[in-house]
Amino acid sequence: MGEHRGPDDAGGPRRAEDDTEQADTLFGLEDLSSGPVRSSGESPASPAGPLFRDSPAARRMLSVREIHAEPAAAASPRGREIIARFPGARIIDVDSHWRIPQLHGNAGNLERWVRIKSEVLVLGDKKTLATRPNGRSADWIAPGPANGCAMACAYCYVPRRKGYANPITVFTNIEAIIAHLARHVARQGPKREANQCDPKAWVYDIGENSDCSVDSLISGNVADLVNAFAHWPTAKASFATKFVNPDLLLLDPRGRTRIRFSVMPPEDSRLLDIRTSPVQERIAAAADFLECGYEVHFNLSPVVVRAGWEADWRLLLQHMDDVLPQAVKDQAAAEVIMLTHNRDLHELNLAWHPRAEDVLWRPDLQQAKRSENGSWNVRYRTPDKARAVDSLQRLIAAHAPWLRVRYAF
């Protein structure tokens, strides 16, 4: 989350590219398969038991009653798959997934903030396929398979883009997204120099504006992307998540997908991470995902400065050190991301979750800064932020010295 800038090193991404250039792909789209793949070389197969996405827990996360769909998206193979997943949902035709008057810009939706996330889906085509440089979490930000989230984290920047409601929008033209990425990966060739993103592979963040673990409850988009990257020896997919979806363990990532479990002290999470998996559950899942073939990293994010924050982070790091097996520790790395907030989001939160603003909105500690997209954000003042980052890094060195910090922002 937050702002994204390209790296300055010579081995960094060449430039932002849209989908207008042509190049040979590393494999044909006919080689892709959708859905669970149990082991290398095996065809998609049905799991031995029921899928998590059909469980009561998944239905509590997503009990879809309305699907707002662009006609072409609804008629596409992926669109038909999603509509079939929710047979009781009312289908509403819309001209554009970006402009739905009853959802976007309707202040009356604030009182239904969480309910809309659970009961409404939007289907659309991703019209602009562009991959842009990043250099922090990943080398590149890929065109994501979705926008929005069924979870309701109080600090999330994504809701600011669409107004007063931000349910998940699923992009049904997944074949076009993967074809774009295949061409982009092929154009890069092998990574010439190691950087903080990865020593060997070009890393593509596929979930900048959504949570891929939740998206997997809806469609095969994320499974298709994981399967695609498994075929690309010079690239890795990457996404951050606050939700443990066991269905992702049925895929075959072959080490080419990095999952980043976002963690924070449970006291913060209970207040701010609405509708997410408990932090202890995210940490406990790391070993299973590593064994399944994922690379597993952690996001220490967001770091919220409030009374007692250092003591609570110490307890969290001690817990991680106690419960994580050595295999996870040997390959783990972390991003430290300090809280960034926004006045518009502050006003929005006051209407549905004002208690969160007691710790998120701190004019005594924060300063305004214009982001790359032109909006005004607030973040901790430079000296206060520097002291907090230094304090957390000292806590990591003392209580989880195996946890390499890739960057702190």
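Reader: What classes of residue make up the lining of the second largest cavity?

Author: By class, three are nonpolar, one is polar and two are charged. The lining residues are Met338, Leu339, Thr340, Arg379, Lys385 and Phe409. Ala, Val, Leu, Ile, Met, Phe, Trp, Tyr, Cys and Pro count as nonpolar, Asp, Glu, Lys and Arg as charged, and the others, Gly among them, as polar. Before we go on: this is a predicted model, where local features need pLDDT of at least 70, side-chain atom pairs count only at pLDDT 80 or more, and totals for chains, interfaces and linings use all residues. Residues are numbered from 1 along each chain as its sequence is written, and side-chain values use heavy atoms, with hydrogens and water left out.

Reader: What makes a space a cavity?

Author: On a 1 Å grid over the protein atoms alone, a cavity is a set of points where a 1.4 Å probe fits but cannot get out, and lining residues have an atom within 4 Å of a point.

Reader: Why is Arg258 called buried?

Author: Buried means under 20% relative accessible area, exposed over 50%, and partly exposed in between (1.4 Å probe, protein chains only). Arg258 has a relative accessible area of 1%, so Arg258 is buried. Arg258 lies in strand E12, residues 257-263; helices (H or I, at least four residues) and strands (E, at least two) are DSSP runs, numbered from the N terminus.

Reader: How do you know that Arg258 and Glu295 make a polar contact?

Author: A polar contact is a pair of N or O atoms within 3.5 Å; within protein, one must be able to donate a hydrogen and the other to accept it, and residues adjacent in sequence count only if both atoms are side-chain atoms. The side chains of Arg258 and Glu295 are joined at 2.8 Å, and the Arg258 side chain also reaches the backbone oxygen of Cys197 at 3.0 Å.

Reader: And Ser213, is that residue buried or exposed?

Author: Buried: Ser213 has a relative accessible area of 1%. Ser213 is in helix H6, residues 212-215. Leaving aside neighbours within four places in sequence, Ser213 is in contact (heavy atoms within 4.5 Å) with Phe239, Thr241, Phe243, Asn245 and Leu248. Leu248 is 35 residues away along the chain, yet the two C-alpha atoms are separated by 7.4 Å.

Reader: What makes helix H7 mostly covered?

Author: In H7 (residues 221-230), 10 of 10 residues are buried, including Asn221, Asp224 and Phe229.

Reader: Why is Arg254 called partly exposed?

Author: Because its relative accessible area is 38%, Arg254 is partly exposed. Arg254 also has a positive phi of about 55 degrees, although not a glycine. Most residues other than glycine have a negative phi, and most peptide bonds are trans. For the peptide bond, look at Ser301 and Pro302: theirs is cis, with omega about -20 degrees.

Reader: How confident is the predictor in the chain?

Author: pLDDT is the predictor's confidence in each residue, from 0 to 100. The chain averages 87, and 84% of the residues score at least 70. Over residues 19-46, though, pLDDT is below 50. Where pLDDT is low, the predicted coordinates should not be read in detail.

Note on methods:
1 Å grid on protein atoms, 1.4 Å probe; cavity = no way out; pocket = protein on both sides within 12 Å on 5 of 7 lines; lining within 4 Å.
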